[in-house]
Amino acid sequence: MVSEIIYFVTFALVGIGLVTLVLGLSKLLQTRKPNEIKLSTYESGIAVTGDPRIQYKMRYYVFGLLLVLFDVEMIFLFPWAVVFKSLGLFAFVEMLVFIAIILLGLFYAWRKGALKWV
Amino acid sequence: MLSSAELLNFANSHGIPLWAMDAFIAALIALGLFAAMGLGFMVQVYMERKVSAGLQLRYGPIYVGPKGSLQLVADALKFITKEDVFPSSAEPWIFRLAPVVMFAAAFLGLLVLPFGPGLVAKDLNVGLIYVLAIPSIGVAGVIMAGFGSKNRYAILGSLRAAAQMISYEVPRSLSLIGIIMIAGTMRLSSIVDGQGIWYIFLQPLGFLVFFVATMAELNRTPFDLAESESEYVNGYHTEYSGMRFGFFFFAEYMSLFAAALLTAVLFLGGWHGPGPVILAPVWLLIKVFGVIYVLMWVRWTFPRFRIDQVMDLGWKVLLPMALVNILVTGIIMSV
Amino acid sequence: MDVSISLVIFLALAAMAIISSLMVVVGRNLFNAAMFLGAYLLVIAGFYFLLSAELVGIMQVFVYVGGVVVVLLFGIMLTSQMINVRLVSALQQRVLTLVVVAALVGLLVSIFSKTSFYYISSAEAPRDSISLIGKLFMTDYVLPFEVISVLLLAALIGAVIIAREEGRQ
């Protein structure tokens, strides 16, 4: 696995290095004429009032939680799927029970309106 | 491509440590991929402009070069020489890092993608999860872009984009379980080798879910809520200009290419095709650009969904469909 | 691959893990702390890869970097005024932290000195850990496996209740 780590790190370094290089090149080539209005936050030409970081919809957070839950479920599905062929019916039933319990949760969330975007 | 035994011999006879050899080869592959993706970026943008023009009965670019083909070179030069406006209220480091994170996430995803038999940087045995997991780091990049810009449109756009991307990650990953069940492996090259019959015919429902979810992951119309011009100006990259925007753009088309390649590898038989083995990468590229063409066709044909429709489609339609696909695959394989 | 390069990689990963986790707790800005947490979790995935546990490593990226960090970022961005909060700690808090940390370090050092470490060569790692994990879930560990689904169900219901609280306001 050492080789994999070396490849990953090298890829990351080359990628980030090239981005930095091109951005640096662009910095050398471009003409910069900043002024106050150009540097201000773009709000379709209207003067910005207040902090844009107000409280947004909580709904996003719920979908984030759902994602984590299903991600955890998938952790178990992937290795199961790899060995599915050699395991037979019993393992299939076990997985059906597992998925059914999760689906119960999804169904609950659905009925209680957590999946509704309001 | 050199075999690993030859490399081992070479390294041993010259006293080069193996890790240095690995790093050197990885750097060469990465540079090659970067160049190829740069070229692919230009080809895809040209293609997108011509396809969209064709579908809307326009000409598209015609003036620069034959049939406007040098328009992309002009565009690239424009990106590099254009002033890169740095908003005074932005969080400097987060604003700077966001395009780098986006780009790096998309670029690192290419590490395990095969371009032909043996033509792969690192054929991981968890390749399939890798191509799903690594690009998802890009979601953090999207949120960074929105947060760092301190702009209302950017924040709203980044939240929507992130919510949409994480919502479709679930059905997208689940739709591939069926393929893993049939192939019995998560190594991408082995999945291609196992496709005597293309998996699109064995997994039609899985393909449908995967394809729709892929469109949503890529933030392309009809799922382009992240940068819906008529609502949010330009979404999370509203404040970006010049080459910084260029890298968002580059990462987007790199993801498009990677997604098309993944679709071809998983469902369309990868590099299988008639003719000698030397034609394998050609077949793969033909399939990849076929998929890209379909994605563009869809993009320029359908109007945009509303956010509630997007969320409903993801959680209430595609997710149950992906689970049904697993069930059906399991029953058929058990019987 | 010889032992020395894996040792170098281990030390590099350990250094990165320590630096990024320090940045999480020392930083005064919540958003930056979350970013460094993401970096830290990525480094931990590197450790798993070093130990030839590629499935666990990639799952670490899948769930933690792609999921938990995003939820954290959502949480920070969606809580009003949370971003502008400058974290400051009072004197009592610092003293208390020092005591707890000192006790924890003492505990760890005492455990380390009592443990007899032995080396496992990488050749002993199972060749196909994914299939092995899949098989074990379905045979020896089937009860914990099913219990996990109940745990996930409880978490899902909790998430829904949070969403309903928000809807009532």
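Q: How far apart do the C-alpha centres of domain 1 and domain 2 of chain B lie?
A: In this predicted model, the two centres are 22 Å apart. As for where the domains run, the assignment puts domain 1 of chain B at 33-81 and domain 2 of chain B at 85-334.

Q: What makes the contact between domain 1 and domain 2 of chain B, counted in residues?
A: Domain 1 of chain B puts in 14 residues and domain 2 of chain B puts in 15 residues. To count, residues need C-beta atoms within 7 Å of each other. On the domain 1 side, the elements giving two or more residues are helix H2 (18-55) and helix H3 (71-81) of chain B.

Q: What classes do the residues on the domain 1 side fall into, where domain 1 of chain B touches domain 2 of chain B?
A: That side splits into 9 nonpolar, 4 polar and 1 charged.

Q: Which residues in H3(A) and H7(B) meet?
A: From H3(A) you can pick out Tyr60(A), Phe63(A), Gly64(A), Leu67(A), Phe70(A) and Met74(A). Facing them in H7(B) are Leu159(B), Ala163(B), Ile166(B), Ser167(B), Glu169(B), Val170(B), Ser173(B) and Leu174(B). By class, the contact of H3(A) with H7(B) has 10 nonpolar, 3 polar and 1 charged. Gly64(A) is in this contact, and Gly goes down as polar because the scheme puts it there.

Q: What makes H5(A) roughly antiparallel to H15(B)?
A: Again it's the angle: the axes of helix H5 (residues 89-111) of chain A and helix H15 (residues 307-334) of chain B cross at roughly 165 degrees, coming within 12 Å. Anything over 145 counts as roughly antiparallel, so that is the label for H5(A) and H15(B). Their crossing is left-handed.

Q: Which residues of H5(A) and H15(B) make the contact?
A: H5(A) brings Leu89(A), Phe92(A), Ile99(A), Leu103(A) and Trp110(A), while H15(B) brings Lys316(B), Leu323(B), Gly330(B) and Ser334(B). Sorted by class, that's 6 nonpolar, 2 polar and 1 charged.

Q: How do the axes of H11(B) and H15(B) come together?
A: The axes of helix H11 (residues 204-217) of chain B and H15(B) come within 9 Å and cross at roughly 145 degrees. The crossing of H11(B) and H15(B) is left-handed. Among the H11(B) residues involved are Leu205(B), Val209(B) and Ala213(B), and H15(B) partners include Leu318(B), Met321(B) and Asn325(B). The whole contact of H11(B) with H15(B) divides into 9 nonpolar, 3 polar and no charged.

Q: How many residues of chain A and chain B are in contact?
A: It's 52 residues of chain A with 60 residues of chain B. On chain A, the elements giving two or more residues are helix H1 (2-29), helix H2 (36-39), H3, helix H4 (84-87) and H5. H1(A) has the largest share, 19 residues. The chain A side comes out as 35 nonpolar, 10 polar and 7 charged.

Q: How many residues does the contact take from chain B and from chain C?
A: Chain B gives 20 residues and chain C gives 16 residues. H2, helix H5 (127-133), helix H6 (138-149) and H7 of chain B each give two or more residues. This side of chain B has 18 nonpolar, 2 polar and no charged residues.

Q: How do you know that the reach of helix H2 of chain C is close to the one expected?
A: Helix H2 (residues 30-50) of chain C has 21 residues. The expected span is 1.5 Å times one less than the number of residues, which comes to 30 Å for H2(C), and the helix reaches 30 Å from its first C-alpha to its last. Just after H2(C), Ser52(C) has a positive phi of about 60 degrees.

Key:
Residues numbered from 1 in each chain as written. Chains lettered and ligands numbered in written order. Predicted model: local features only at pLDDT ≥ 70, side-chain atom pairs only at ≥ 80, totals over all residues. Contact = placed C-beta atoms within 7 Å. Helix = DSSP H or I, 4+ residues; strand = E, 2+ residues; numbered from the N terminus. Domains from an automatic or database assignment. Axes fitted to C-alpha atoms, helices over the stretch in contact; angles between N-to-C directions. Parallel < 35°, antiparallel > 145°, perpendicular 65-115°, else oblique. Left-handed = near helix turned anticlockwise from the far one by under 90°.
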